[in-house]
Amino acid sequence: MDRRPAGPDPGVLGSLTSALLAGGDPTLHVLTPADPARAAAALTFALRKLDRCTLVVAGKHSSVHHPLDTLYEELRHGIAIWSHLTHPGPGEPDLVLASAGDLPAEALTTLARRLRAEHPDLRLRYVHIHDLTALAEDGTRPLALAPDAFPRYFGTRAPIVLATSGHPADIHALLGRRHPGPRLTVLGYRDSGRPVSQARLRQLCGLDDAGLWQLATTLTNAVKEIPA
């Protein structure tokens, strides 16, 4: 019989996160570190902040490590562009990949590397969201991106694939009135209704390699077909 890996039920954790975010408390921060080093930094940062409520969402078994050059930016601003996976230079990207959490970061960085290898001319931008509240409407949370900062991360026209460890509805709710509309696709936890393997759970959440590749190529091809 397939079984879920040992540890807290992601559905329960997702429901807790949703309930806390729905409360609208501006002192709440939901940290979604991408790897063990970032998780350790997030915990240290959270324990030093006495004027806020901090929820750190991290897996126990992650062994993937990412470059740490943006760690300070992630801790301070809650979000950062990962330059090692981003097409250099200014201009609107063709596709934005955004991760929030360790499993989403593992899945999307794998996708990003394949896209860069097989489509070197694709203007890819990779964003990691270390604190979900950075996505909130301007003025509603301390780390909420200013109106002029939001396009610097997510562009103005490019399709966005955002993968989260929690429920997709949380992302849509946080974005509120500045939601980028149909160009945003949010992938996140979906309850299988029964115990399933980790591979099957990733597939249900849209985070399997084949599903992500099909989604990315479909979105970028659709953009190319839109007349200038």
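**Salt bridges and cores: a short tour**

Hi everyone! The structure holds five salt bridges. By salt bridge I mean a side-chain nitrogen of Lys or Arg within 4 Å of a carboxyl oxygen of Asp or Glu. A quick word on the source: this is a predicted model, where local features need pLDDT of at least 70 and side-chain atom pairs count only at pLDDT 80 or more, while totals for chains, interfaces and linings use all residues. Residues are numbered from 1 along each chain as its sequence is written, and side-chain values use heavy atoms, with hydrogens and water left out.

Let's begin with R38 and D35, whose side chains meet in a salt bridge at 2.9 Å, N to O. Are R38 and D35 buried or exposed? Both are buried, and buried means under 20% relative accessible area, with exposed over 50% and partly exposed in between (1.4 Å probe, protein chains only). D35 and R38 also belong to a network of salt bridges with E74.

Next come E118 and R114, which form a salt bridge with the closest N and O atoms 3.0 Å apart. These two are separated by about one helical turn, because they sit four residues apart in helix α4, residues 102-118. Helices here are DSSP runs of H or I with at least four residues, strands are runs of E with at least two, and both are numbered from the N terminus. E118 is partly exposed at 45% relative accessibility, and R114 is partly exposed too, at 36%.

Then there is R177 with E137, a salt bridge of 2.7 Å, N to O. R177 is in the loop between α6 and β7 and E137 in the loop between β5 and α5, so this pair ties together parts 40 residues apart in sequence. R177 is exposed, with a relative accessible area of 78%.

Now for the nonpolar side. A nonpolar core is a set of buried Ala, Val, Leu, Ile, Met, Phe, Trp, Tyr and Cys residues joined through side-chain atoms within 4.5 Å. The largest one has 29 residues, and I79, V127, I129, L132, F154 and L162 have the most contacts inside it. Among the elements giving two or more residues to this core are β1, β5 and α6. Apart from it lies another core of 25 residues, including A34 and W213.

Finally, which helix holds T17? T17 is in α1, residues 10-22, and is buried, at 6% relative accessible area. Beyond neighbours within four places in sequence, T17 is in contact (heavy atoms within 4.5 Å) with V30, L55, V57 and D170.
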